[in-house]
Amino acid sequence: MEKGYAWITGASGGIGRQLAYHFAEGGYSLVLVARSKEKLEELKKELENNYSISVLISIKDLSKQEEALKLYDEIKQQRITVQFLVNNAGFGLYGAFIETSWAEEADMIDLNIKTLTYLTKLFLPEMVERNEGRILNIASVASFLPGPLLAVYYATKAYVLSFTEALENELKDTNITISALCPGPTKTGFSDRANLSSSKLFESGALHVEDVAKVGYEQFMRGKTIIILGAKVATMLPRFSPRKLITKVVRSMQEVK
């Protein structure tokens, strides 16, 4: 079977960028999407110089649904088959809900939930028709917990996990696999944008993005549905602890000094 492309959103840095290296090492050509033209052009040059693959880049703000559809149409016009869809783009916003910006939270919901769902809606029917393909949704250990001071972000990631598990069941009689990567705190640009770098959550130790991408890629390619890396104990708290205690613990870990 001829290898198709891997489409990666939020590919200019963090987990998305590191996953691009692993797909390239696997011999897969890439469609890389992000808002940073300079970073994507640099990554494209590096990957094409080191691997025998083709790299297409697109500068898009995927929090806008029309941008996602425009890019999808562009790819279809080029008759590119997307074998892997990696929904990585997303961000968080730190602060008490009554103090945070609605405009930023609306963009977060659009990107973390709406765009992820929309891209899956666009590509999944084609995969089912071919009976071949894989989708990786970047969730978080936050998917399992309520998150005071990051209330909207945690809620978006809970959606990602629930959505992924539901689709896995719907697709159980096909050759399509869908996975959710759920890492604990990871050293990426996320913590800086969310203003979390000085919180106990990150100061107590964070995963290296290279390790998250490596293990995540390997388990994704094996077809594992839920891939948890670091802070596994946190994912089990809802089974054994009162909900109010969980929110209290999470808040204490996320309070910025």
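Threonine 115 is buried, with a relative accessible area of 7%, where buried means under 20% relative accessible area, exposed over 50% and partly exposed in between, using a 1.4 Å probe and protein chains only. This is a predicted model, in which local features need pLDDT of at least 70 and side-chain atom pairs count only at pLDDT 80 or more, while totals for chains, interfaces and linings use all residues. Residues are numbered from 1 along each chain as its sequence is written, and side-chain values use heavy atoms, with hydrogens and water left out.

**Stop 1: threonine 115 and its helix.** Select helix 4, residues 102-130, which is where threonine 115 is placed; helices (H or I, at least four residues) and strands (E, at least two) are DSSP runs, numbered from the N terminus. Then show Leu62, Ser63 and Asp110, which threonine 115 contacts once its neighbours within four places in sequence are left aside, contact meaning heavy atoms within 4.5 Å.

**Stop 2: the partner helix.** Axes are lines fitted to C-alpha atoms, for helices over the stretch in contact, and angles run from 0 to 180 degrees between N-to-C directions.

**Stop 3: the loops at either side of strand 5.** In the loop between helix 4 and strand 5, select asparagine 131, which counts as partly exposed at 33% relative accessibility and has a phi near 55°, a positive value in a residue other than glycine. Next, in the loop between strand 5 and helix 5, find leucine 149, which counts as buried at 13% relative accessibility and whose phi, near 80°, is likewise positive. Most residues other than glycine have a negative phi.

Stop 4: Now display the open sheet of 7 strands, which has the order 3-2-1-4-5-6-9 with parallel pairing; two strands pair if DSSP finds at least two bridges between them. Its edge strands are strand 3 (55-59) and strand 9 (226-229), each of which pairs on one side only, and the twist averages 15° from one strand to the next. Strand 5 (residues 133-138) and strand 6 (residues 176-183) pair in the parallel sense over 6 bridges, and there glycine 133 has isoleucine 176 of strand 6 as its bridge partner.

**Stop 5: helices on the sheet.** Select helix 1 (residues 14-25), which packs on the sheet and touches strands including strand 1 (5-9) and strand 4 (82-87), its direction making about 170° with that of strand 1. Helix 2 (residues 37-50) lies across strand 2 and strand 3, and runs at about 180° to strand 3.

**Stop 6: valine 31.** Finish in strand 2, where valine 31 lies, and which counts as buried at 1% relative accessibility. Leaving aside neighbours within four places in sequence, its contacts include Trp7, Leu56 and Ile75. Valine 31 and threonine 9 are 22 residues apart in sequence and 8.4 Å apart in space, C-alpha to C-alpha.
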